[in-house]
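Hi everyone, thanks for making time today.

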Amino acid sequence: MKVFKSALLEIAYILAGALIIFLLFQVTLQNSIVDGSSMEPNLMNGDRLLVSKVSYVFSEPKRGDIVIFPSPYSDGREFIKRIIGLPGETVQIVSGEVRINGTLIDEPYLVNKDTRSYPATVIPTGEYFVMGDNRPVSLDSRQGWTVKRADINGKAWLVFYPFKSFGFAPNHKFADIAAGAVLLPIFILRRQENSH
């Protein structure tokens, strides 16, 4: 009888642990599918991503981050684009070259360039100017809309399918991705362990 109770208790602990891990992943990560070619060749149509929903708990979105947000066209879709301009900055595009506050920015991730221009525009407070990496075909902030901070669902973290694309999402600077999406759940688990 004692062995039976001990086995039941062990099973209960395993199930509780599995439930906690499942809930942590539900709270911290989101599954997303790239729909379209606007981020090629860095993210391909059909790529499946894990999106960190907690990357911006401790920090604000940065230039170069790839973010997920609802379509600005209210059509139920989800958009994935790269942050180019931050709140309050002036963005201008001259023959495809992006200037922020008059200074040309470095875009090493860019392969498919564009030659179109965009007039100097001040980005509203609390909003972000976003563009796709496949500039010639991307529907983005060049159409006259920006993304509110509250509408950013998360930061692209990991491509997990197809397997040939497996790896970290190609954020320009992604040193804080692991901290946001992996270290936080570990931190929470350790705090729970220490409280017992």
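Let's begin with salt bridges: searching the whole structure turns up 10 of them. Please keep in mind that we are looking at a predicted model.

Take arginine 149, which forms a salt bridge with glutamate 60; their closest N and O atoms are 3.0 Å apart. Where do these two residues sit? Arginine 149 is in the loop between strand E10 (147–148) and strand E11 (154–161), while glutamate 60 is in the loop between strand E2 (48–52) and E3, so this pair ties together parts that are 89 residues apart in sequence. Arginine 149 counts as partly exposed, at 23% relative accessibility, and glutamate 60 is partly exposed too, at 46%.

Next, a network of salt bridges links Asp114, Arg116, Asp140 and Arg142. Within it, arginine 116 and aspartate 114 form a salt bridge with their closest N and O atoms 2.6 Å apart. Is aspartate 114 buried or exposed? With a relative accessible area of 15%, aspartate 114 is buried, whereas arginine 116 is partly exposed at 41%. Arginine 142 and aspartate 140 also meet in a salt bridge, at 2.8 Å from N to O, and both of those residues are buried.

Now for a polar contact. The side chains of aspartate 75 and serine 71 are joined by one of 2.9 Å. You'll find aspartate 75 in the loop between strand E3 (66–70) and E4, and its relative accessible area of 37% makes it partly exposed.

On to the strands. Four of them form an open sheet in the order E7-E6-E5-E8, with antiparallel pairing. Which strands are at the edges? They are strand E7 (103–104) and strand E8 (118–122), each pairing on one side only. Strand E6 (residues 97–100) runs antiparallel to E7, and two bridges join them. If you zoom in there, arginine 99 stands opposite leucine 104 in E7.

Last stop, the largest pocket, which holds about 250 Å³ of space. It is lined by 15 residues, and the closest to its centre are Asp35, Ser38, Arg77, Phe79 and Lys81. Strand E4 (residues 78–85) gives the largest share of that lining, with four residues.

Definitions and conventions. Residues are numbered from 1 along each chain as its sequence is written. This is a predicted model: local features need pLDDT of at least 70, side-chain atom pairs count only at pLDDT 80 or more; totals for chains, interfaces and linings use all residues. Side-chain values use heavy atoms; hydrogens and water are left out. On a 1 Å grid over the protein atoms alone, a cavity is a set of points where a 1.4 Å probe fits but cannot get out, and a pocket is an open set with protein on both sides within 12 Å along at least five of seven lines; lining residues have an atom within 4 Å of a point. Grid points are joined across faces, edges and corners, and a volume is the space filled by probe spheres set on the points. Two strands pair if DSSP finds at least two bridges between them. Buried means under 20% relative accessible area, exposed over 50%, partly exposed in between (1.4 Å probe, protein chains only). A polar contact is a pair of N or O atoms within 3.5 Å; within protein, one must be able to donate a hydrogen and the other to accept it, and residues adjacent in sequence count only if both atoms are side-chain atoms. A salt bridge is a side-chain nitrogen of Lys or Arg within 4 Å of a carboxyl oxygen of Asp or Glu.
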